[in-house]
Amino acid sequence: MTLTSILSAADIANALKDCQAPDSFGQKKFFQICGLCKKTPKEVTEVFHILDNDQSGFIEEDELKFFLQRFSPSARVLTVAETKAFLKAADDDDDGKIGAEEFQAMVLS
């Protein structure tokens, strides 16, 4: 399973282009542009598992830093401020990582 089997390559490219400048990333806008917020809960969970690089069942802060690069290897790394804001937006139980249910709730809300 790849991201382009769920999201269109053109939508991913547009989402990445929108946030190519440092400190311009916002997860809500990114999910809207790439089309993820219009997907089914099952598809959002599949994307979560693709983004969970170490397959731990969570997306940790060190994985979030490279979030955009999971969509395209040439994309930039998120800044510290962007990474922390992203984590804070999704981490409902304050355990310092994003679980599949938290990710799905953030994307589909």
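1. Glu 63 is buried (under 20% relative accessible area; exposed is over 50%, partly exposed in between, with a 1.4 Å probe and protein chains only). For charge, Lys and Arg count as positive and Asp and Glu as negative, while His and the chain ends are not counted.

2. A word on the basis. This is a predicted model, in which local features need pLDDT of at least 70 and side-chain atom pairs count only at pLDDT 80 or more, while totals for chains, interfaces and linings use all residues. Residues are numbered from 1 along each chain as its sequence is written, and side-chain values use heavy atoms, with hydrogens and water left out.

3. Where does Glu 63 lie? Glu 63 is in helix H4. Helices (H or I, at least four residues) and strands (E, at least two) are DSSP runs, numbered from the N terminus. Not counting residues up to four places away in sequence, Glu 63 touches Leu 51, Asp 52, Asn 53, Asp 54 and Phe 58. Contact here means heavy atoms within 4.5 Å.

4. Now helix H3, residues 41–51. Its buried residues are Val 44, Val 47, Phe 48, Ile 50 and Leu 51. Seen down the axis of H3, these fall within an arc of 160 degrees, so they line one face of the helix. The arc is that of the directions from the helix axis to the C-beta atoms. The buried residues of H3 pack against strand S1 (58–60), helix H4 (61–64), helix H5 (67–71), strand S2 (97–99) and helix H7 (100–108).

5. How many salt bridges does the rule give? The count comes to 4. One of them joins Glu 46 and Lys 42, with the closest N and O atoms 2.8 Å apart. Both residues lie in helix H3, 4 residues apart, about one turn of the helix. Lys 42 is exposed, with a relative accessible area of 59%.

6. Another salt bridge pairs Lys 84 with Glu 61, the closest N and O atoms being 2.8 Å apart. Lys 84 lies in helix H6 (residues 80–90) and Glu 61 in helix H4, so the pair ties together parts that are 23 residues apart in sequence. Lys 84 is partly exposed at 46% relative accessibility. Glu 61 is also partly exposed, at 30%.

7. Glu 82 forms a salt bridge with Arg 76, and here the closest N and O atoms are 2.7 Å apart. Are these two residues buried or exposed? Both Glu 82 and Arg 76 are buried.

8. From the record: an unreviewed UniProt entry places a "binding site" at Asp 91, Asp 93, Asp 95, Lys 97 and Glu 102. UniProt positions are given in the numbering used here, feature names are shortened, and annotations may be inferred rather than shown by experiment. Lys 97 is in strand S2 and is partly exposed, at 24% relative accessibility. Glu 102 is in helix H7 and is buried, with a relative accessible area of 10%.

9. Leaving aside neighbours within four places in sequence, Glu 102 is in contact with Ala 90, Asp 91, Asp 92, Asp 93 and Lys 97. The side chain of Glu 102 reaches the backbone nitrogen of Asp 92 at 2.9 Å.

Key. Salt bridge = Lys/Arg side-chain N within 4 Å of Asp/Glu carboxyl O. Polar contact = N/O pair within 3.5 Å; in protein donor to acceptor, adjacent residues only side chain to side chain.
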